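Hi,

Here is the model I said I'd pass along. Have a look, and my notes follow below.

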Amino acid sequence: MLAKCNHLEASMEPRSGCAINAAVEALGDRWSLIVLRDVIFGNRRHFRELLARNDEGIASNILSSRLKALVAGGLLTHEDAGRGRRGTYSLTEAGIRTVPVMAALGTWGLAHRPTSYELGVRAQLLEDGGPELWNDLMDELRELHLGIPRPDTGRPRASELLRAAYERAVAEKEKASEPSPRVRGR
């Protein structure tokens with residue numbers, strides 16, 4: 001049975017009944033997806049972190065606009081910490097459930113667009129790990145953002161696997177770019 005989200009305003013209803021259109025309208029543009037990516041995979045939960053640590057160079061006004069839209073769309077919540085303190089953004093269940101979408105976008109990007117090894121390694125790991133890894137990551141995100149304890153699967157944490165793969169790729173790139181030591185003549 002398909003149900004409408006009652007908590008969304010009428011203005012949030014999609015232009016048509018098409019599920020793909022509804023998803024595209026909810027996720028918005030590329031900046032909205034990049035913000036979600038940074039919250040999901042980078043655990044960036046404050047405005048300044050999202051602004052300063054964004055690889056694509058998002059402008060502050062664009063970031064502010066996208067955060068407001070993601071909160072209004074039910075993908076993030078915002079806890080205002082008060083004057084002079086950092087407010088925290090958290091994923092909702094709907095935001096957490098974008099992990100398979102992000103994995104699919106990463107798989108498509110690896111296959112059809114130029115990517116760097118170090119920034120593509122997590123997408124490759126998500127593709128290789130498939131739904132089991134995605135579910136493990138979503139369980140971790142539920143624990144972190146919603147306070148729901150993750151089940152003990154006996155497997156390593158998905159976030160640790162993704163972090164380690166990225167760090168290995170960065171180290172490999174740095175090692176490959178180091179100049180070769182010179183051999184001194186006798």
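Accessible areas here come from the Shrake-Rupley method with a 1.4 Å probe, and for residues only the protein chains shown count as cover. On that basis the protein exposes about 12,500 Å², with carbon and sulfur atoms supplying 54% of it.

Some housekeeping: this is a predicted model, so local features need pLDDT of at least 70 and side-chain atom pairs count only at pLDDT 80 or more, while totals for chains, interfaces and linings use all residues. Residues are numbered from 1 along each chain as its sequence is written, and side-chain values use heavy atoms, with hydrogens and water left out.

The protein has eight helices and two strands (DSSP runs numbered from the N terminus: H or I of at least four residues, E of at least two). From the N terminus, the order is α-α-α-α-β-β-α-α-α-α. Of its 186 residues, 31% count as buried (under 20% relative accessible area, 1.4 Å probe, protein chains only).

The axes of H7 and H8 come within 8 Å and cross at roughly 170 degrees (lines fitted to C-alpha atoms over the stretch in contact, angles from 0 to 180 degrees between N-to-C directions; contact means heavy atoms within 4.5 Å). That makes H7 roughly antiparallel to H8 (over 145 degrees).

Cheers

Methods
Buried means under 20% relative accessible area, exposed over 50%, partly exposed in between (1.4 Å probe, protein chains only). Angles under 35 degrees count as roughly parallel, over 145 as roughly antiparallel, 65 to 115 as roughly perpendicular and the rest as oblique.
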